[in-house]
14 protein chains.
Amino acid sequence: MNSTTVIAICSIITAGVTIGLGSIAPALGEGRAVSTALTSLAQQPDAAKTITRTLFVGLAMIESIAIYCLVVSMILIFANPFWNHVIAHATGK
Amino acid sequence: MNSTTVIAICSIITAGVTIGLGSIAPALGEGRAVSTALTSLAQQPDAAKTITRTLFVGLAMIESIAIYCLVVSMILIFANPFWNHVIAHATGK
Amino acid sequence: MNSTTVIAICSIITAGVTIGLGSIAPALGEGRAVSTALTSLAQQPDAAKTITRTLFVGLAMIESIAIYCLVVSMILIFANPFWNHVIAHATGK
Amino acid sequence: MNSTTVIAICSIITAGVTIGLGSIAPALGEGRAVSTALTSLAQQPDAAKTITRTLFVGLAMIESIAIYCLVVSMILIFANPFWNHVIAHATGK
Amino acid sequence: MNSTTVIAICSIITAGVTIGLGSIAPALGEGRAVSTALTSLAQQPDAAKTITRTLFVGLAMIESIAIYCLVVSMILIFANPFWNHVIAHATGK
Amino acid sequence: MNSTTVIAICSIITAGVTIGLGSIAPALGEGRAVSTALTSLAQQPDAAKTITRTLFVGLAMIESIAIYCLVVSMILIFANPFWNHVIAHATGK
Amino acid sequence: MNSTTVIAICSIITAGVTIGLGSIAPALGEGRAVSTALTSLAQQPDAAKTITRTLFVGLAMIESIAIYCLVVSMILIFANPFWNHVIAHATGK
Amino acid sequence: MNSTTVIAICSIITAGVTIGLGSIAPALGEGRAVSTALTSLAQQPDAAKTITRTLFVGLAMIESIAIYCLVVSMILIFANPFWNHVIAHATGK
Amino acid sequence: MNSTTVIAICSIITAGVTIGLGSIAPALGEGRAVSTALTSLAQQPDAAKTITRTLFVGLAMIESIAIYCLVVSMILIFANPFWNHVIAHATGK
Amino acid sequence: MNSTTVIAICSIITAGVTIGLGSIAPALGEGRAVSTALTSLAQQPDAAKTITRTLFVGLAMIESIAIYCLVVSMILIFANPFWNHVIAHATGK
Amino acid sequence: MNSTTVIAICSIITAGVTIGLGSIAPALGEGRAVSTALTSLAQQPDAAKTITRTLFVGLAMIESIAIYCLVVSMILIFANPFWNHVIAHATGK
Amino acid sequence: MNSTTVIAICSIITAGVTIGLGSIAPALGEGRAVSTALTSLAQQPDAAKTITRTLFVGLAMIESIAIYCLVVSMILIFANPFWNHVIAHATGK
Amino acid sequence: MNSTTVIAICSIITAGVTIGLGSIAPALGEGRAVSTALTSLAQQPDAAKTITRTLFVGLAMIESIAIYCLVVSMILIFANPFWNHVIAHATGK
Amino acid sequence: MNSTTVIAICSIITAGVTIGLGSIAPALGEGRAVSTALTSLAQQPDAAKTITRTLFVGLAMIESIAIYCLVVSMILIFANPFWNHVIAHATGK
């Protein structure tokens, strides 16, 4: 099990775990936000415009956290500096 | 247990765990959103149009998080750069 | 314990765990959605048509997440690319 | 502990764990749905027909998730492709 | 510790864990359903017939999930194909 | 540590864990059911007959799940087919 | 560490864990039942007779589950068939 | 680490864990029961006699479960049949 | 690491864990009981005598469970039969 | 790693864990009791004397449980019989 | 597995875990804040301006905590002083 | 890894864990007490004096539990009898 | 794996875990504080000034706890005394 | 891995974990206290002075617990007696 293999393994596992773990809270948070938006709409239909706008800003901020995780996960799969270093080292050798 | 095998194993396990773990929160979040939508509809049938539209936008955003996990899971099974590298290396040799 | 065996083992365990883990949240989410639908029906029988329709759309989306897990689980059992590679390699040899 | 044994062991354990784990959420979800149906019936006896019908559709969808787990569990015990491969291999040899 | 022993051990442990784990959710679900049925009966004694009937259908469906686990557990103890294979193999030899 | 010993150990541990684990949910479920029955009786003393009857049917069904665990536990201690096989094998030898 | 010792150890540990684990849920369940009985008595003192009777039947059923665990625990300490077998074997030898 | 030592260790640990684990639920259950008794007394001082009597019966039953654990714990320390067997064996030898 | 040392270690650890673990539930239970007593006193100051008396009986019973753990813990430190046996054995030898 | 060292290590770790673990529940319980006392005072300022007295008795009893843990922890650090035995043994030797 | 590899592995895993773990609480916190903002808007549409402003300040502070985690994660991937030291050391050598 | 080192390690880890673990409950308990004090003050400003006094007594008692943990933690770092013994022993030697 | 490497690894992992773990509670606490501020603003718009000021003081204190973790995390990465010592030692040598 | 290294590692990890773990409860407790302060302010704006003062005293006491953890964490990094001893020993030697 040489260096290349070990780093590949770690990158695979970490990429999966990062997005798997990072999807929990944003999904719950968004579910909660959407849920309250619906309650509020039913309670005060006249404020639909303000509510919807605030909801979308909030969803965007929560989604951004999920995006952070996806970004780290993608960096680990497709733009991993440690992998590149090891591959370059292995090839150069 | 050579490099090819080890990477295959990691990819299999990680793919399964990622989607398994990543399905928890979106499903709970959507369950909550749908649930509140139904309560709101029963409470304010006249706002059905706004509620349904907001619900679908919300479900789409929550579903997108589950899709992120599915995408990472599928990348690990069918478009795994580490696997491709090792296979190419093994074949070229 | 050669490569074929190890990959078979991982595929079996991961397939089981994926669907086992992936069934938790959709079932809870659907239970919640159905549960609220019934409350809403009892509260506002006149809106039964809208409620039922929204419920079924919601159940379909939640069920889709369970289906993702089942699909990954079935891919790992019956269309596993890593397994096919190893079998082909073992046979060709 | 040859290949045949190891795969048999994994299949046994995974089959049990899959159905054991997969029974948790559906049972809780159904318990919740039935529970709310009863509350709704007591609250609005006139809507009994709609409530009961919606309940049964919902129970069917939740039960389907438990069935997925049972199916994977049964496949692992009685129609396991990896086991068949290893047995065929062992016999052919 | 030959193959026969190992498979026997796994079957014993899995059988116990499966029914032990699989009894949690159905028992909680049934407890909840029965509990709500009693509340509903106290609230609306006139609907006792509908409530009781719906309760029994619901209990039957939840119990069915516990039965799945018992069935898998019994299959592993008394009709285990892997055990039969190994015994046959050991005897035939 | 020969085969006989190992199987004995597993049977002992599994028997204890099965009933220990399997007692959790039924006891909680029954506690809940009894608890609601008492509330209902206090609220609607006239329906005592229906309530008590429904309670006992429900308790019987929940108890049945605890019985499943006790049965598997007793089978593992007193009618264990794997133990019998190993003992017979050891004696016959 | 011969067979006798190992089986003794397992029996000791399992006996303790079984009753320790098995005491959790019955105690909580009974606590809940007693607790509701007291609330009900305070709310409807006239129904004291029915309430007390139902409470005692319920406590008896919940206690029975704790008794199952105690019975298995005592069997493992004082009437353990595996221990008897090993002792007999060791003595006969 | 001979047999005597190992069995002594197991007995010590199990005795401690059994009573430690077994004290959780009874204490919580009694806390709940006492707590509700006080609420009920404040709400219905006239029923103090019935409430107190029911409380004491209930506490006795919950305490009995803690006693089971203490009994098993004491048996393991002072009347352990496995320990006695090993000591006798060691002495006789 | 001879027998004396091992038994000393186990006794130390178990003594600490037993009282540490055993202090959780009684403290929570007493906190709950005291808490409700205060609520009840504020609600019904006239019943202060009955409430206080019932509270003290209840606290005594809950405290008794903590005492069981302390007793086992002290027995393990200062009157440990296994330790005495090993010391006697070591000295006698 | 001779006996003296091992026993010292165990005593250090156990002493820390015991008080660390044992501080959880008393602090929560006292927090709850104080919290309710304040609510009661705000609700019924006239009963301040009775409430404060009952609170202090209750706090004393809960604190006593934390003291048990501190006592065991201090015994393990400063009056550890096992440590004394080993030191005496090591010195005498 | 030389130093370079080990440090690369740790950096990969830690980077993923840090952002994965660090996304949980901010997402939940923001979900809660957005959710309450919507309720407040529905309840008091006139205060929309103050509410929205306070919401955005709050979201910014919560988001800053997620940013801390992202920053540490990025530092570990792209500006890791330990990695730089080891690479420089390896190159210089 | 000689005795001095091992004891130093244990002391460091235990000191950290003790205060880390021991800070959880007091902080939560105090948070709860302060929180209720504020509610009570808002509800009954006239009783501010009694409430504040009771609050401070309560906080002092809860804080004392955190102090116990800090004391044990400090003893382990700066006045550790086992460390002193080993250092003395090592020096004397 | 020489000393330099090991200390680098520990610093990396600890830095990530510290901020990852340390972000949980502050984010939840701030989410709660912001959330209540919004409710309070909707309920009492006239007190907006006092509420906002108190909110910001509170957020600052909670944020300070997250800062403590960030500081420790940064010290471990960029001003680690142990790392400096080892590097100096390695260089000097 | 000599003594110096091991102690450095333990100090690093413990320092991080202590503050990471120790930040959980104070942050939650402060979040709760601030949250209730805001509710109280909205409910009783006239008592703002008393409420704010009590809040700050409470926050100070809760913050002090987080400070204890920070202090222990800093002692372990910058004024660690065990580290100093080992360094002195290593240097002197």
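Visitor: How many residues does the contact take from chain I and from chain H?

Guide: First, a caution: this is a predicted model. To read a contact, count the residues on each side. Here, chain I gives 39 residues and chain H gives 45 residues.

Visitor: How much area do chain I and chain H bury between them?

Guide: Look at the total, then at the kind of atom. Chain I and chain H together bury about 3,600 Å². Carbon and sulfur atoms carry 80% of it. Three residues stand out on the chain I side: I:Ile65, I:Tyr68 and I:Phe82. They supply 18% of the area that chain I buries against chain H, more than any other three residues.

Visitor: How many salt bridges and polar contacts are there between chain I and chain H?

Guide: Take each kind in turn. The count of salt bridges between chain I and chain H is zero. Polar contacts are present: seven residue pairs across this interface, both residues at pLDDT 80 or more.

Visitor: Which elements of chain I supply the side that touches chain H?

Guide: Sort the residues by helix. At least two residues come from each of α1 (3–22), α2 (24–43), α3 (48–78) and α4 (81–92) of chain I. The most come from α3(I), with 15 residues.

Visitor: What classes of residue make up that side of chain I?

Guide: The side of chain I that touches chain H has 22 nonpolar residues, 16 polar and one charged.

Visitor: What relates two copies of a chain?

Guide: Two copies are related by a rotation about an axis and a shift along it. Now the case here.

Visitor: Where do chain B and chain J lie relative to chain H?

Guide: Check for contact, then read the C-alpha distance. No contact joins chain B and chain H; their closest C-alpha atoms are 30 Å apart. No contact joins chain H and chain J either, and their closest C-alpha atoms lie 11 Å apart.

Visitor: Now another pair. How many residues do chain K and chain M give to their contact?

Guide: Chain K gives 38 residues and chain M gives 45 residues. Between them they bury about 3,600 Å², with 81% of it on carbon and sulfur atoms. In chain K, the residues that lose the most area to chain M are K:Ile65, K:Tyr68 and K:Phe82. Together they make up 19% of what that side buries.

Visitor: What polar links cross the interface of chain K and chain M?

Guide: Seven residue pairs are in polar contact there, both residues at pLDDT 80 or more. Salt bridges number zero. On the chain K side, α3(K) has the largest share, 15 residues. By class, that side divides into 22 nonpolar, 15 polar and one charged.

Visitor: Last, which residues of chain A does UniProt mark as a domain?

Guide: Read the record, then the model. An unreviewed UniProt entry places "domain: V-ATPase proteolipid subunit C-like" at residues 13–76 of chain A. In the model, that span is 92% helix and 0% strand. Its end C-alpha atoms lie 10 Å apart.

Definitions and conventions. Residues are numbered from 1 along each chain as its sequence is written. Chains are lettered from A and ligands numbered from 1 in the order in which they are written. This is a predicted model: local features need pLDDT of at least 70, side-chain atom pairs count only at pLDDT 80 or more; totals for chains, interfaces and linings use all residues. Side-chain values use heavy atoms; hydrogens and water are left out. UniProt positions are given in the numbering used here, feature names are shortened, and annotations may be inferred rather than shown by experiment. Helices (H or I, at least four residues) and strands (E, at least two) are DSSP runs, numbered from the N terminus. Contact means heavy atoms within 4.5 Å. Buried area is the accessible area (1.4 Å probe) that two parts lose on being put together, summed over both. A salt bridge is a side-chain nitrogen of Lys or Arg within 4 Å of a carboxyl oxygen of Asp or Glu. A polar contact is a pair of N or O atoms within 3.5 Å; within protein, one must be able to donate a hydrogen and the other to accept it, and residues adjacent in sequence count only if both atoms are side-chain atoms. Ala, Val, Leu, Ile, Met, Phe, Trp, Tyr, Cys and Pro count as nonpolar, Asp, Glu, Lys and Arg as charged, and the others, Gly among them, as polar.
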